[in-house]
Amino acid sequence: MGLRFSLDPPRSLSGRWLLLLLLSILLGGLFRLFNLPASLLMGPMSAAILLSLRGVSLTVPRVLHAGSQGIIGIMIGRSLTPSILGTLKKDWLVSLGVVFLVILMANLLGWLLGRLGVMPGTTAIWGLSPGAASVMMMMAEGYGADARLVAFMQYLRVVIVVTAASLVVRFWVHPLAPVGGTLWFPPVHWVPLAETLLAAFLGAAAGRLLNIPGGAMLLPLFLGAVLHGGEGLPLEIPPMLLALSYALLGWGIGLGFTREIFLHALKALPKTILAILTLVLFSGGLALLLVLGLSLDPLTAYLATSPGGMDSVAIIAASTHHVDISFVMALQTVRFLVVLLTGPAISRFLADRLGGP
């Protein structure tokens, strides 16, 4: 009598969550091994998609989903310091022109995908928006787009953009040697950590109660920028807490995937890749204009105009010789803020012309 192994998912709730956790760790670790961007989010999201397609039914509690958005908002807001404005003071008109041109091209390509019926409604517009991918997904959901397809487009864009940037760095200059792995459990300063958690959860709760689209992330983001950049308050987010927040966000998105959504994403893959490559080439052309007009070194200009993700580009810039990191982050941050402030209006304007939601 032979042994029989079942590939069916566990029936108990605890067993399903344990399977999701283990698979998330496995895939996240594999993505990090190959230096893929946003691995802490893409690993859990991919694990959730795989289990959801296998019929596993799980739901992330709303309070944890909102809390994870608050932590990510605080993390982004902490990096928005007043010094970024000083970096843009010189040649600000050219820099802002480049920012708006990248946004314009992204929205034009998104509108075209929507017009051709590749993606429904404003999903394509949000999917190509060159901001922080996690932020675009949360805002898209708040404004009626399909967050699952937006996630697919955003992280496909991040993978292509960062792969292109990594290849440019690899063959253009010699990157700095890596400084070692992540210290997952560093010493914790409990008072700053408590203040950070309080700001994150109060901001997220206020965003939910006020019914602000994406407010669970946006209010903590602005709160973090004011408290850290304006008031000088130290905000502490341990690596494990940030990883858990990314995991909760990834699970929330991935568990909403269905077989129909997945097949639609695969069907749209060729045209989506073509649109992303067009955006990358357009940004490269703007980088050339910065080199000629501002006498920037080519690598700094390329990374500054690269259409996201902001965190991944920052990591590449910090690990490369002869790159003006301040200029790169200034342009990336300003573009992120412009998308943040204008995205809803642009989405609604184009939705009226697409006949979508």
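Here are some exercises, with worked solutions, on the predicted model shown above.

**Exercise 1. Getting your bearings**

Work out how many helices and strands the protein has, and what share of its residues counts as buried.

*Solution.* 
- Start with the secondary structure: you'll find 16 helices and 0 strands.
- Next, take the 357 residues of the protein; 49% of them count as buried.
- Finally, look at how the chain meets itself. Among contacts between residues at least 6 apart in sequence, 78% join residues at least 24 apart.

**Exercise 2. Finding the core**

Find the residues with the most contacts inside the largest nonpolar core, and say which helix gives this core its largest share.

*Solution.* 
- The largest nonpolar core has 85 residues, and V135, L290, L303 and L331 have the most contacts inside it.
- Helix α8, residues 147-172, supplies the largest share of this core, with 11 residues.
- There's another core to spot, lying apart from the largest one: it has 12 residues, including L27, A48, L51 and L58.
- Now zoom in on L290. Beyond residues up to four places away in sequence, L290 touches V94, V98, S295, L296, A301, T305, F327 and L331.
- As background, nonpolar side chains tend to be buried together in soluble globular proteins.

**Exercise 3. α3 and its two partners**

Compare how α3 packs on α11 with how α3 packs on α9, taking the angle, the handedness and the residues in turn.

*Solution.* 
- Begin with α3 (residues 62-78) and α11 (residues 239-254). Their axes are 9 Å apart, and the packing angle is about 125 degrees.
- An angle like that makes α3 oblique to α11.
- The handedness of this crossing is left-handed.
- On the α3 side you meet L64, H65, S68, I71, I72 and M75, while α11 brings L241, L242, S245, Y246, L248, L249 and G252.
- Sorted by class, the contact of α3 with α11 has 9 nonpolar, 4 polar and no charged residues.
- Move on to α9 (residues 190-209). Here the axes of α3 and α9 are 8 Å apart, at an angle of about 120 degrees.
- This time the crossing of α3 and α9 is right-handed.
- From α3 come R62, V63, H65, A66, G67, Q69, G70, I71 and I74, and they meet T196, L197, A199, A200, F201, A204 and R208 of α9.
- The contact of α3 with α9 splits into 9 nonpolar, 5 polar and 2 charged residues.

**Exercise 4. α5 against α13**

Decide how α5 and α13 are oriented, and describe what their contact is made of.

*Solution.* 
- First, the geometry: the axes of α5 and α13 (residues 269-294) come within 10 Å and cross at roughly 165 degrees.
- Because an angle over 145 degrees counts as roughly antiparallel, α5 is roughly antiparallel to α13.
- The crossing is right-handed.
- V94, V98, L101, V102, M105, A106, L109 and L113 are the α5 residues in the contact, and α13 contributes K271, A275, T278, L279, F282, S283, L286, L290 and L294.
- By class, you get 14 nonpolar, 2 polar and 1 charged.

Key:
Residues are numbered from 1 along each chain as its sequence is written. This is a predicted model: local features need pLDDT of at least 70, side-chain atom pairs count only at pLDDT 80 or more; totals for chains, interfaces and linings use all residues. Side-chain values use heavy atoms; hydrogens and water are left out. A nonpolar core is a set of buried Ala, Val, Leu, Ile, Met, Phe, Trp, Tyr and Cys residues joined through side-chain atoms within 4.5 Å. Buried means under 20% relative accessible area, exposed over 50%, partly exposed in between (1.4 Å probe, protein chains only). Helices (H or I, at least four residues) and strands (E, at least two) are DSSP runs, numbered from the N terminus. Contact means heavy atoms within 4.5 Å. Axes are lines fitted to C-alpha atoms, for helices over the stretch in contact, and angles run from 0 to 180 degrees between N-to-C directions. Angles under 35 degrees count as roughly parallel, over 145 as roughly antiparallel, 65 to 115 as roughly perpendicular and the rest as oblique. A crossing is left-handed if the near helix is turned anticlockwise from the far one by less than a right angle, and right-handed if clockwise. Ala, Val, Leu, Ile, Met, Phe, Trp, Tyr, Cys and Pro count as nonpolar, Asp, Glu, Lys and Arg as charged, and the others, Gly among them, as polar.
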